[in-house]
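I opened my notebook to get to know a structure that is new to me.

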Amino acid sequence: AAVVLMAVGIGLLLPAMSPARRHARVAEPLALATQGNEVDAEGQVESGMSQVQPFELLRGLDGTRNGSNAAVTPSQDAVDIEVLKHSTVASPLSLPTNIYEYMDMGLARNDSKTGVWTDPEGRFTVEARLSTDGTPGATPSSPRSPAPAAMMPGMYPGMMPGMYPGMMPGMMMPGPYYGRGNTNAFELVEDNPFKEVARDPLSTFSVDVDTASYAIIRRFLLQHGQLPPRGAVRIEEMVNYFDYYYPQPEGETPFSVTVDVTDAPWNMGHRLVRIGLKGREIEAVERGAANLVFLIDVSGSMRPADKLPLLRRSLKMLVEALDGDDRIAIVVYAGRAGLVLPSTPVARKDVILAAIDNLEAGGSTNGGQGIELAYRVAAENFIRGGVNRVILATDGDFNVGVTDQGALVGMIEEKRESGVFLSVLGFGLDNLKDSTMEKLANKGNGNYAYIDSIMEGHKVLVRQAGGTLTTIAKDVKIQVEFNPAKVASYRLIGYENRMLAKEDFNDDRKDAGEIGAGHTVTALYEVVPVDGPRERPRVDGLRYQPPPEVTPEVTPEVAPDDDATDDAPFADELLTVKLRYKQPEGEVSQLIEHPVKDRRVPLAEAAADVRFAAAVAGFGMILRDSPHKGDATLERVMDLAIGSLGEDTRGERREFVELVGRAMGLTRCEAAPSRP
């Protein structure tokens with residue numbers, strides 16, 4: 001009853017505030033999400049404000065977190081930052097019309113001034129007025145409570161015990177959010193098991209550059225205050241969301257291969273093997289002209305602000321990033337499909353942007369018909385040696401025409417033979433058919449990303465446009481052979497729906513994943529040494545053939561490289577990584593082999609990239625409640641992540657720390673809902 005009364009009281013207070021005093025959480029930064037911009041006011045503002053980087057402000061994080069220098073204490077004044085206007089130098093579409101009206105920030109200021117953010121590339125400026133309420137401590141416009149004496153991980157000044165980050169005093173814990181009628185569709189897959197090297201020394205899988213899972217998890221935790229469904233947690237997509245400092249490839253090979261070996265943080269008796277691929281960077285001037293077809297879902301389910309409106313803004317940013325010689329067509333589908341913009345050169349940008357602005361949602365969803373039309377338009381405008389791609393943007397709810405997931409996947413498999421690649425962009429958490437979209441991208445020689453904010457749209461379609469649009473290698477497969485003299489058993493972490501039979505590795509007819517320009521791919525193996533604690537699967541003996549030779553439980557210490565004899569030339573090797581790939585327009589695969597010496601680096605001495613990837617994997621195992629999570633806890637994951645932030649120039653790793661903190665708060669809350 002007290003909570004209800006408090007909520008009613010807050011509701012009564014809000015209308016009394018000036019209509020202009022609207023404090024929206026800043027959840028959708030755009031090109032402003034660049035670090036290092038200073039805030040000027042008629043030259044230079046001399047205050048802590050000049051130390052606050054726009055990334056921190058526009059991500060909606062009050063200046064007490066994520067490394068900002070503007071720490072808030074109860075004795076400082078609360079300052080509101082009102083975005084008054086924006087102007088542009090090169091493009092009127094660099095910012096949405098109604099960008100953030102207000103941002104609630106705590107700064108030690110006692111006056112009102114006007115500040116200006118200027119994009120370093122000169123694309124836009126944003127003018128903001130700084131106004132203080134003049135009252136120390138918490139104010140009606142910025143409610144804060146005194147900081148707790150002892151801060152929990154993931155908490156910040158102003159939080160009360162039992163709250164999750166971003167939750168204001170008096171707010172109730174949000175209820176379950178799985179969309180209207182629980183209509184979201186996530187496919188739950190079982191974790192890969194441990195396999196004995198004596199019985200199964202080869203591990204084969206297709207690469208995956210999708211990142212949708214991480215963005216979906218972020219939305220559940222940050223925007224809806226809820227742990228994600230287990231089916232939404234795909235560990236390989238979480239790990240691959242982040243950039244890692246792998247070396248650029250050399251020679252003609254389109255990607256480099258890096259392998260590291262350290263301790264598994266959730267089981268220190270096991271090893272963690274990280275395999276990293278880095279695709280060749282391609283400058284925009286190096287790639288061929290682009291023939292893009294936007295295939296846009298305009299059905300009734302796309303009306304919410306986080307769907308078609310966000311999609312329109314994201315596509316506009318992509319248009320701004322393209323060259324005048326590139327071409328764009330727009331196909332829409334609802335009850336039936338239609339061509340709303342024939343293939344048009346980007347030099348006629350005004351025509352393309354007007355067509356995007358005119359998109360409206362309504363009707364049912366005939367996705368199959370739209371796919372047929374989009375691929376036909378792409379084929380009619382095919383550019384040999386260029387970028388030919390259909391970009392499907394939808395919540396995945398196909399409910400008219402071809403609706404069966406298997407039939408849709410079969411259609412995409414047939415269309416990929418045309419040489420047109422596919423990118424899938426998912427929107428919204430209401431009626432999201434994640435499983436369907438992931439399968440379509442997998443079978444369409446493409447990638448799957450989920451866009452939960454304009455910042456994510458900028459990352460996928462502008463900052464990573466090379467990888468999103470330009471494929472440098474297709475049908476990329478990895479096969480790892482483990483040395484039975486060194487490894488007793490192993491398991492691949494993630495990639496459960498990308499596993500291949502060992503015979504598929506040399507079969508060029510077998511489809512596999514693609515790597516785009518600049519993409520990084522990371523795979524993690526948990527390895528049990530022959531002298532370590534066994535994870536032995538229970539398998540009955542064979543009746544009609546002799547049992548395989550089993551490696552002794554304990555072996556002598558590893559001899560130095562130069563002591564290896566001719567009789568055992570590979571005695572010092574832990575494993576061999578083999579890769580097969582095709583050129584984007586090729587049909588015959590090429591082979592790469594990469595032997596790995598048995599060189600374990602203790603976890604504390606491992607590179608920051610290795611430790612951070614391990615933290616992300618551990619977080620995923622906890623969210624999935626994996627039977628192999630061992631000693632992993634959210635507290636340990638947070639400690640490992642904080643200690644491996646590295647340069648983190650875009651703040652993405654610090655955001656991960658916030659996600660872990662949010663999960664900690666949710667798991668501690670007795671009212672946290674049970675998950676399917």
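**Entry 1: the core.** I kept in mind that this is a predicted model. I looked up the largest nonpolar core and found that it has 43 residues. Phe-619 and Phe-656 are the ones with the most contacts inside it. The largest share, ten residues, comes from α12.

**Entry 2: Phe-656.** I set aside its neighbours within four places in sequence and listed what Phe-656 contacts. Phe-656 meets Phe-619, as well as Tyr-214, Phe-242, Phe-612, Ala-615, Val-616, Val-637 and Ala-641.

Entry 3: I jotted down a general reminder here: in soluble globular proteins, nonpolar side chains tend to be buried together.

**Entry 4: Arg-274.** I then turned to Arg-274, which lies in strand β9 (residues 267–279). Is Arg-274 buried or exposed? Its relative accessible area is 5%, so I noted Arg-274 as buried, the cut-off being under 20%.

Which side chains make a polar contact with the side chain of Arg-274? I found Asp-260 at 2.8 Å and Tyr-246 at 3.4 Å.

Not counting residues up to four places away in sequence, Arg-274 also touches others, including Tyr-244, Thr-258, Thr-522, Leu-524, Asp-609 and Ala-613.

Terms used. Residues numbered from 1 in each chain as written. Predicted model: local features only at pLDDT ≥ 70, side-chain atom pairs only at ≥ 80, totals over all residues. Heavy atoms only, no water. Helix = DSSP H or I, 4+ residues; strand = E, 2+ residues; numbered from the N terminus. Buried < 20%, exposed > 50% of the residue type's maximum accessible area, 1.4 Å probe, protein only. Polar contact = N/O pair within 3.5 Å; in protein donor to acceptor, adjacent residues only side chain to side chain. Contact = heavy atoms within 4.5 Å. Core = buried A, V, L, I, M, F, W, Y, C linked by side-chain atoms within 4.5 Å.
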